[in-house]
Amino acid sequence: MALAGCSDYFLHRPNYQGSVDRASSHRPADLIGPSFRQASNRNSPSHQEDDVDLEALVNDMNSSFESLYSTISMPSDSAPLIHNGQLQRSPGPRPGLAPSSRQGVCRSQPMHILAVRRLQEEELRTSSLPAIPNPFPELCSPASSPVLNPGSLPQCQPSGTYIIKIFSEDGTGRVVEIPAVMTARDLCQLLVYKSHCVDNSSWGLVEHHPPLGLERCLEDHELVVEVQATMTSDSKFLFRKNYAKYEFFRNPLNFFPEHMVAWCQESNSTIPQSQLLQNFLNPGSCLEIQGFLYLKETARKSWKKLYMFLRRSGLYYSTKGMSKEPRHLQLLADLEDSNIFTVITGKRLHNAPTDYDFCIKPNKVRSETKELRMLCAEDEQSRTCWMTAFRIFKHGISLYQNYKLPQQKKTSAARFSSPVRSVSENSLVAMDFSGRTGRVIDNPVEAQSAAMEEGYTWRKRSQRMNILGSPSPVHPSSLSSIVHRTQLWFHGRIMREESHKMIIQQGQVDGLFLLRDSQSNPKAFVLTLCHNQKIKHFQILPFEEDGQTFFSLDDGATKFSDLIHLVEFYQLNRGVLPCKLKHPCTVVTL
């Protein structure tokens with residue numbers, strides 16, 4: 001090489017040996033030329049007597065630089081990179097010894113400047129944090145260190161208080177200040193207390209995204225602040241009833257059809273229906289939900305029908321018919337970092353093939369629709385099965401703990417507390433005056449039935465007094481036509497589609513009902529009832545008898561003086577209905 005020849009030239013002249021050694025050992029390659037020039041100026045006795053041609057020397061060094069640049073990408077073993085990104089220099093020559101012609105120059109090595117800076121920044125960042133001993137070193141692999149890195153530490157939980165705005169279904173809202181550790185159940189209990197609602201476990205907090213047309217009911221153990229952090233400014237929380245939240249614990253056979261539940265492996269063994277929930281909640285079991293679903297193609301409005309499998313590891317679809325072989329399964333969505341939503345505007349926004357569509361939304365997605373997995377089922381039962389299994393696979397035993405918690409609180413409250421009564425109430429006892437002499441009713445069940453019968457008798461007596469001409473400001477016929485409007489289950493003049501929407505939003509469980517005005521007959525009413533995840537409508541017709549108006553569901557076979565009597569009767573008796581009235585569909589104003 002030309003540079004090596006240059007160093008040989010100076011090694012033959014003893015006056016320049018020391019300068020050349022220092023320049024070649026401790027200076028980069030781009031400073032060798034000036035060092036040579038300074039050394040010649042210091043050590044030569046005269047400028048005119050120097051026989052070195054400087055112009056030829058510069059040309060010679062330029063050619064050596066070109067040869068160095070051509071080999072700059074080749075690795076070298078003389079100066080490797082150490083862990084902090086610095087070059088490892090070889091020690092300089094010993095004093096008094098002349099280096100060889102090939103070792104006189106230390107070539108510079110290629111170095112990634114950005115990578116070195118990043119390593120230095122990480123070292124500065126991690127050096128300021130103390131090393132925390134790992135409390136579980138046996139869980140580490142043999143190659144890993146038993147010291148936890150600062151980057152592996154869990155993220156800090158949010159602290160302080162936050163402002164949350166909650167809306168009801170009628171559009172009213174309430175602003176509350178909650179701590180960062182408040183769960184969805186605790187917030188619902190707070191809203192129940194502030195709104196003077198009936199305290200039960202059927203209230204829920206709904207995450208609603210109007211631009212995407214998505215909504216889901218938060219699980220009781222979820223932190224409200226963490227969920228709000230994933231929402232956009234257009235999203236909001238809704239406070240409403242959700243009777244179907246834990247209904248699958250009471251009637252699992254209605255939620256998981258036999259033909260949709262199977263083992264992940266190919267086997268002919270059947271799953272006992274009595275152990276269905278135990279297998280779902282057991283994290284070691286290999287249950288799966290299988291069936292056909294429509295999948296919306298990305299960035300298109302077309303849908304494709306595929307055979308899918310829902311497992312604990314995620315949602316898969318088969319690339320070859322109904323095969324469940326691993327080589328034919330393609331992962332569609334992960335359960336850990338996603339949530340399942342009900343699509344409320346699937347027909348209009350996404351051109352869905354049916355009305356039973358749902359969506360799997362990653363937590364990182366806010367308003368983008370490309371990352372959404374839009375799915376559509378054949379019927380309501382299939383959609384409910386897929387969505388319920390998704391919740392069980394994702395949350396597991398936490399759902400069962402949420403289901404049992406209100407029952408445990410009621411049991412403990414009934415065991416250690418008693419209702420506070422006044423002195424006058426403590427002096428009262430239930431009496432029976434049906435015979436010649438009165439008697440004290442000791443049986444509490446008999447006393448309760450006697451109180452209910454007395455209430456019915458008092459209502460009938462008041463109606464009879466009004467008919468006989470007592471000074472009542474309201475006529476009995478007008479009273480029976482307006483008394484029901486104060487009840488929570490009566491919703492006035494709403495359309496048939498609106499009643500369907502309310503039933504679906506509050507959970508399609510057996511016995512969920514509401515009453516509304518009839519659109520076809522101004523004097524009639526309509527009972528909207530849910531049974532077997534189907535919504536049915538029954539018309540309540542008025543009948544005139546002896547100048548008094550009665551209401552009936554069965555063409556006058558069973559008549560009631562008002563709608564309150566009718567609802568109370570069918571809450572105790574099924575009659576002509578497919579099931580009893582159990583859960584009133586209510587709307588609360590916050």
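Which helix gives the most to the lining of the largest pocket? That helix is α12, with 9 residues in the lining. The structure is a predicted model, in which local features need pLDDT of at least 70 and side-chain atom pairs count only at pLDDT 80 or more, whereas totals for chains, interfaces and linings use all residues. Residues are numbered from 1 along each chain as its sequence is written, and side-chain values use heavy atoms, with hydrogens and water left out. Helices (H or I, at least four residues) and strands (E, at least two) are DSSP runs, numbered from the N terminus.

**The largest pocket**

- The largest pocket holds about 1,300 Å³ of space, where a pocket is an open set of points on a 1 Å grid over the protein atoms alone, with protein on both sides within 12 Å along at least five of seven lines.
- A volume is the space filled by probe spheres set on the points, the grid points being joined across faces, edges and corners.
- The lining comprises 44 residues, and those that lie nearest the centre of the pocket are Thr342, Glu380, Arg383, Ile504 and Gln508; a lining residue has an atom within 4 Å of a point.
- At least two residues of this lining come from each of β6, β7, β13, α11, α12 (380–395), α17 (496–505) and β20.
- By class, the lining of the largest pocket divides into 17 charged, 14 polar and 13 nonpolar residues, with Asp, Glu, Lys and Arg counted as charged, Ala, Val, Leu, Ile, Met, Phe, Trp, Tyr, Cys and Pro as nonpolar, and the others, Gly among them, as polar.

**Strand β6 and its neighbours**

- Strand β5 (residues 203–209) pairs with β6 in the antiparallel sense over 4 bridges, pairing being assigned if DSSP finds at least two bridges between two strands.
- β5 and β6 form a hairpin with 4 residues between them, and Gly213 in the turn has a positive phi of about 70°.
- β6 also pairs with strand β13 (residues 338–343), again in the antiparallel sense, over 2 bridges.
- Glu215 has bridge partners in both strands: His208 is its partner in the pairing with β6, and Thr342 in β13 stands opposite Glu215.

**Salt bridges**

- The model contains 16 salt bridges, each being a side-chain nitrogen of Lys or Arg within 4 Å of a carboxyl oxygen of Asp or Glu.
- The side chains of Arg240 and Glu215 meet in one of these salt bridges, at 3.2 Å from N to O; Arg240 lies in strand β7 (residues 236–241) and Glu215 in strand β6 (residues 214–217), so the pair ties together parts that are 25 residues apart in sequence.
- Arg240 is buried, with a relative accessible area of 5%, and Glu215 is buried at 8% relative accessibility, where buried means under 20% relative accessible area, exposed over 50%, and partly exposed in between, with a 1.4 Å probe and protein chains only.
- Lys324 forms a salt bridge with Glu288, with the closest N and O atoms 2.6 Å apart; because Lys324 lies in the loop between β11 (314–318) and β12 (329–333) and Glu288 in strand β9 (residues 287–296), the pair ties together parts that are 36 residues apart in sequence.
- Lys324 is buried, with a relative accessible area of 11%, and Glu288 is likewise buried, with a value of 0%.
- In the salt bridge between Glu297 and Arg300, the closest N and O atoms are 3.4 Å apart, and Glu297 counts as partly exposed at 28% relative accessibility.

**Cavities**

- A search of the whole structure finds 6 cavities of 30 Å³ or more, a cavity being a set of points where a 1.4 Å probe fits but cannot get out.
- The largest cavity has a volume of about 50 Å³, and its lining consists of Arg185, Cys188, Gln189, Asn200, Ser201, Trp203, Asp220 and Lys245.
- Helix α6 (residues 184–195) supplies the largest share of this lining, 3 residues, and the lining as a whole divides into 2 nonpolar, 3 polar and 3 charged residues.

- Asn351, in the loop between α11 (346–350) and β14 (357–362), has a positive phi near 55° and is partly exposed at 47% relative accessibility.
- Gln533 has a positive phi of about 60° although it is not a glycine; Gln533 is placed in the loop between β19 (525–531) and β20 (534–545) and counts as buried at 15% relative accessibility.
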